[in-house]
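Work through the exercises below with the structure open beside you. Try each task before reading its solution.

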Amino acid sequence: MCARLESEFDSSRISPRVLRRIDDAETLYLACSGGADSVLALLVVYSRLVELDRLDRLAVLHFNHGLRGAASDGDASFVQSLCSDLDVHCVDGRAEESDTGKITNEESAREARFAFFREATGASEAGPVCIVSGHHADDVVESMLIRLSRGAGLQGLSAPRELSKAGGGLEFVRPLLDFGRAEIHDVLRTVGGLWREDESNQSDANYRARLRKGAIPSWEDAADRPIRRGVGLSRRLLAEDAEALEYCAEQAWSLACQGERRLSRASVSGLPTALQRRLLDRLAGKDFLSAQTMDLALKALEGQEALKIQISAGSLLTLGDDDISVANNCPVENDSNWAPFYLPIGTRAFLPDGSKLSCDKVFAVKELLGSFELGSNQDAEKVYLSSLGNSSERLYVRRKLPGDAFKPRGKSSPKKLKNLFIDRKIAAESRGKLPVFECETGGIVWVPGLPPAAERSLELDTYAALRLTYER
């Protein structure tokens with residue numbers, strides 16, 4: 001199989017710097033799900049290391065998310081058997097049964113997988129590890145459309161990159177970005193390679209799969225040229241621009257930095273907005289700036305205004321006359337008097353008392369329903385609601401108003417919040433601090449501590465859901 005690969009696979013289309021990274025890595029890991037893309041990536045890397053007589057440097061990583069029962073176990077067995085045939089060491093892991101219910105979308109699955117990668121390889125910022133993945137040209141097209149629809153800058157639109165860092169010491173290398181899915185399948189069939197198909201990739205509950213089955217074929221029909229080649233070129237150009245901006249931001253940081261978490265405001269104010277955004281992100285570090293906070297900070301810079309805003313519990317971003325700083329361990333204000341605001345889906349916000357709110361769209365709802373009994377949401381901290389669909393991109397968050405009422409799940413008619421709080425034995429001093437979530441078209445959908453709105457309850461045929469969280 002590997003002997004025939006050399007004549008069927010055009011390795012000259014792999015980026016030279018990708019090949020150099022593969023050749024130079026002291027220990028090389030390859031993430032293999034059992035799908036066609038990661039199987040071909042394994043065969044390509046295997047053949048190259050055999051040629052270099054350095055096969056002992058290679059190990060395969062497989063993570064079983066445990067979401068598809070016997071099919072997931074079959075993937076794991078397939079990868080183990082393939083590695084045994086190639087005489088390559090395989091390190092496999094499996095999500096704990098208690099954790100599978102937390103893997104509800106592509107992002108949470110990636111977080112679980114990356115956590116396994118770090119644990120299995122001993123990766124750290126001090127000792128980074130190199131992991132080869134099988135991302136390909138179709139992934140580039142799908143990722144760009146997904147990120148365009150959610151609003152992304154150069155970093156998002158240039159992903160997945162040939163070389164990238166994921167934090168925690170993980171460095172990813174992607175040799176197949178110039179090859180499409182159909183081409184990968186053809187190569188494997190020609191050389192006699194086998195792979196596993198993930199049926200969930202065809203589910204309409206999966207945003208990526210819906211693009212793959214509907215939007216992208218329609219785009220191809222309307223286009224006058226191959227879209228993968230054009231999108232791939234755009235990704236490369238955007239990646240080049242992103243790298244240039246990162247270089248400029250590094251230079252700007254060295255000129256503006258006045259301490260660990262302090263910048264000269266005069267130095268930052270004269271910069272283009274793209275560089276200001278990068279410096280503010282770097283200044284915030286792990287405290288993270290939400291989209292709303294970033295917009296407020298950029299407007300304050302443009303308008304030469306002062307600003308003080310809480311970006312996480314105990315951390316304040318301050319734009320003063322002379323400097324911009326982030327201070328930790330600040331006393332949290334016990335303040336229930338805050339202005340209403342919009343919370344876009346996919347973002348989070350902090351209230352003056354340090355409470356954190358977030359709103360995310362999640363899929364795999366059938367699996368989600370299987371992880372808890374319908375109606376057993378932890379209403380004080382987290383609820384899942386039927387999606388508001390494409391009619392809304394954000395929720396409205398406000399304080400409780402006199403006369404507020406809604407119909408929570410389990411009630412036959414609307415009830416006043418005051419009476420619902422009493423029924424739930426929520427302390428009077430806490431009631432005014434609780435946020436009230438509304439959809440844009442009006443109507444309360446949730447107040448922490450109470451069940452969500454009855455008309456937003458999850459059903460078995462719900463393909464997507466909103467996850468609202470409230471952390472004190």
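**Exercise 1: aromatic pairs**

A search of the whole structure, which is a predicted model, finds 8 aromatic pairs.

Task: Classify the pair formed by phenylalanine 116 and phenylalanine 117 as stacked, edge-to-face or tilted.

Solution. The ring centres are 5.9 Å apart, and the cut-off for a pair is within 6.5 Å. The planes make an angle of 50°. Planes under 30 degrees apart count as stacked and those over 60 as edge-to-face, so the pair is tilted.

Task: Is each of these two residues, phenylalanine 116 and phenylalanine 117, buried or exposed?

Solution. Buried means under 20% relative accessible area. Phenylalanine 116 has 9%, so this residue is buried. Phenylalanine 117 has 3%, so this residue is buried too.

Task: Classify the pair of phenylalanine 437 and tryptophan 446.

Solution. Their centres lie 5.4 Å apart, with 25° between the planes. Stacked requires planes under 30 degrees apart, so this pair is stacked. Both phenylalanine 437 and tryptophan 446 are buried.

**Exercise 2: an open sheet**

Task: In what order do the 4 strands of the open sheet stand, and which of them are at the edges?

Solution. The order is E13-E14-E21-E15, with antiparallel pairing. Strand E13 (347–350) and strand E15 (382–386) each have a single partner strand, so they stand at the edges. On average, neighbouring strands of this sheet are turned by 15° against each other, direction ignored.

Task: How many bridges join strand E14 and strand E21?

Solution. Strand E14 (residues 356–362) pairs with strand E21 (residues 465–471) over 7 bridges, in the antiparallel sense. Opposite lysine 356 stands glutamate 471 in E21.

Notes:
Residues are numbered from 1 along each chain as its sequence is written. This is a predicted model: local features need pLDDT of at least 70, side-chain atom pairs count only at pLDDT 80 or more; totals for chains, interfaces and linings use all residues. Side-chain values use heavy atoms; hydrogens and water are left out. Two strands pair if DSSP finds at least two bridges between them. Helices (H or I, at least four residues) and strands (E, at least two) are DSSP runs, numbered from the N terminus. Axes are lines fitted to C-alpha atoms, for helices over the stretch in contact, and angles run from 0 to 180 degrees between N-to-C directions. Rings of Phe, Tyr and Trp (its six-membered ring) pair if their centres lie within 6.5 Å; planes under 30 degrees apart count as stacked, over 60 as edge-to-face and the rest as tilted. Buried means under 20% relative accessible area, exposed over 50%, partly exposed in between (1.4 Å probe, protein chains only).
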